[in-house]
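I opened this model to go through its charged pairs, its ring pairs and whatever surrounds the ligand. My notes follow, entry by entry.

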Amino acid sequence: MSTVQRARDADRTAELTAALGAARARLARAAESVGRNVNEIELLPITKYFPATDVIILNQLGCLAFGESREQEAADKVASVRAELPEAPIRWHMVGRIQRNKARAVAGWAHTAHSVDSTRLLTALDRAAGEALAAGARPEPLRVYIQISLDGDTARGGVDVDAPDLVDEICGSANTAEALEFAGLMGIPPLEWDPDDAFARLAAERDRVQRDYQHRLELSAGMSGDLESAVKHGSTCVRVGTALMGQRPLTSPAVVTPVTSSSQTPPPPPSAEGSPR
Ligand SMILES: *Cc1c(COP(=O)(O)O)cnc(C)c1O
């Protein structure tokens with residue numbers, strides 16, 4: 001390794017050490033201020049757009065799970081990290097939208113998927129996870145969160161919170177699927193909404209669904225900008241990108257963009273994809 005590379009790694013390690021300390025302290029304060037035990041809230045670093053070397057640094061700082069939002073980028077990163085740290089017990093979470101034709105790929109690397117919002121996707125993931133289990137390619141069922149749409153704009157992902165029968169049906173399917181484990185509900189506040197209103201609605205839906213289950217349902221809620229509100233409303237997993245990793249670059253490392261004038265244009269707003277970029 002060159003001296004320059006080593007110095008860069010040392011800088012990034014210092015940066016991530018400070019940011020992780022700050023994020024943990026922030027989460028602890030958020031929990032304490034509403035009388036919750038911080039140990040029941042997972043801090044999930046979202047490493048999309050950031051290189052495998054950052055994952056390795058964070059793993060050495062004690063992080064054991066990471067979230068990604070694009071299948072191809074994640075698969076490449078998982079392979080790089082595994083080549084470097086073959087023994088590390090790292091669990092990868094898929095937090096972005098999942099296309100049905102990517103179910104097999106996701107089942108190959110993901111421990112948990114946060115963004116399941118249809119019976120068709122659920123069925124595809126169950127089949128893919130079942131095949132991966134049978135082939136010894138994964139050690140345990142795929143944990144799934146059912147994503148809830150709080151404003152009914154399901155084009156942005158999620159099952160409409162105002163369709164409780166549909167929510168119940170999909171949750172029931174997740175719970176009985178052979179190769180899946182029903183973890184709980186996930187939600188993202190709609191643009192322009194007060195996060196407090198959004199997370200209160202999401203928490204109420206979790207409480208409603210919870211009545212049908214013996215095991216405690218988790219709540220995947222809260223990001224860099226709104227984690228205090230999510231913790232107040234019972235989040236058990238906050239998905240933190242920017243506050244930990246820094247600003248994301250404009251393009252994903254896995255997306256090779258030809259250098260043309262159009263590649264200067266920033267990618268479409270989050271609404272086009274249904275999740276924060
Ligand atoms: C990118 C992303 C996050 C992290 O967002 P930040 O605001 O950077 O913390 C959380 N959840 C999902 C689904 C994401 O796509």
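This is a predicted model: local features need pLDDT of at least 70, side-chain atom pairs count only at pLDDT 80 or more; totals for chains, interfaces and linings use all residues.

**Entry 1**

I started with Arg97, which is partly exposed at a relative accessible area of 35%. The scale I'm using calls a residue buried under 20% relative accessible area, exposed over 50%, and partly exposed in between, with a 1.4 Å probe and protein chains only.

Residues are numbered from 1 along each chain as its sequence is written, and side-chain values use heavy atoms, with hydrogens and water left out.

Which residue forms a salt bridge with Arg97? I found Asp117 there, with the closest N and O atoms 3.9 Å apart. For a salt bridge I need a side-chain nitrogen of Lys or Arg within 4 Å of a carboxyl oxygen of Asp or Glu. Asp117 is in the loop between strand S4 (112-116) and helix H5 (119-134), and Arg97 is in the loop between S3 and helix H4 (103-109), so the bridge ties together parts that are 20 residues apart in sequence. Helices (H or I, at least four residues) and strands (E, at least two) are DSSP runs, numbered from the N terminus. Asp117 counts as buried because its relative accessibility is 17%.

I stayed in the S3-H4 loop for Gln99, which is found there too. Its relative accessibility is 52%, so Gln99 counts as exposed. I also checked Gln99 against Ala124: they are 25 residues apart along the chain, and their C-alpha atoms are separated by 9.9 Å.

**Entry 2: other charged pairs**

Opposite charges on side chains can pair when the charged atoms come close. How many salt bridges does the structure hold? My tally is 15.

I looked up Arg36 and Glu40, whose side chains meet in one at 3.2 Å, N to O. Is Arg36 buried or exposed? Arg36 counts as buried, at 16% relative accessibility, whereas Glu40 counts as partly exposed at 35%.

Next came Arg201 and Asp162, a salt bridge with N to O at 3.6 Å. This pair links distant parts of the chain: Arg201 sits in helix H7, and Asp162 in the loop between strand S6 (159-160) and helix H6 (164-176), 39 residues apart. Arg201 is partly exposed at 30% relative accessibility, and Asp162 is exposed at 59%.

I also jotted down a network of salt bridges that links Arg12, Glu15 and Asp54.

**Entry 3: ring pairs**

Two numbers describe a pair of aromatic rings: the distance of the centres and the angle of the planes. I pair rings of Phe, Tyr and Trp (its six-membered ring) if their centres lie within 6.5 Å; planes under 30 degrees apart are stacked, over 60 edge-to-face, and the rest tilted. By this rule I get 2 aromatic pairs.

Phe66 and Trp92 have ring centres 5.7 Å apart and planes at 40°, so I logged the pair as tilted. Phe66 is in strand S2 (residues 65-68) and Trp92 in strand S3 (residues 91-94), so to speak distant parts of the chain, 26 residues apart. Both Phe66 and Trp92 are buried.

Phe182 and Tyr213 are edge-to-face, 5.1 Å centre to centre with 70° between the planes. Phe182 belongs to strand S7 (residues 180-187), while Tyr213 is in the loop between helix H7 (195-210) and strand S8 (218-220), 31 residues away. Phe182 and Tyr213 are buried.

**Entry 4: around the ligand**

Of the 14 residues around the ligand, Lys48, Ser224, Gly241, Thr242 and Arg248 come nearest. By class, the shell has 7 nonpolar, 4 polar and 3 charged residues. (Ala, Val, Leu, Ile, Met, Phe, Trp, Tyr, Cys and Pro are nonpolar, Asp, Glu, Lys and Arg charged, and the others, Gly among them, polar.)

A polar side-chain atom of Ser224 is 2.5 Å from one, a side-chain N or O atom of Thr242 is 2.5 Å from one, and a backbone N or O atom of Gly241 is 2.8 Å from one. Taken alone, the ligand exposes 390 Å², and the protein buries 95% of that; the areas are Shrake-Rupley values with a 1.4 Å probe.

Conventions. A residue is near a molecule or strand if one of its heavy atoms lies within 4 Å of it. A polar contact is a pair of N or O atoms within 3.5 Å; within protein, one must be able to donate a hydrogen and the other to accept it, and residues adjacent in sequence count only if both atoms are side-chain atoms.
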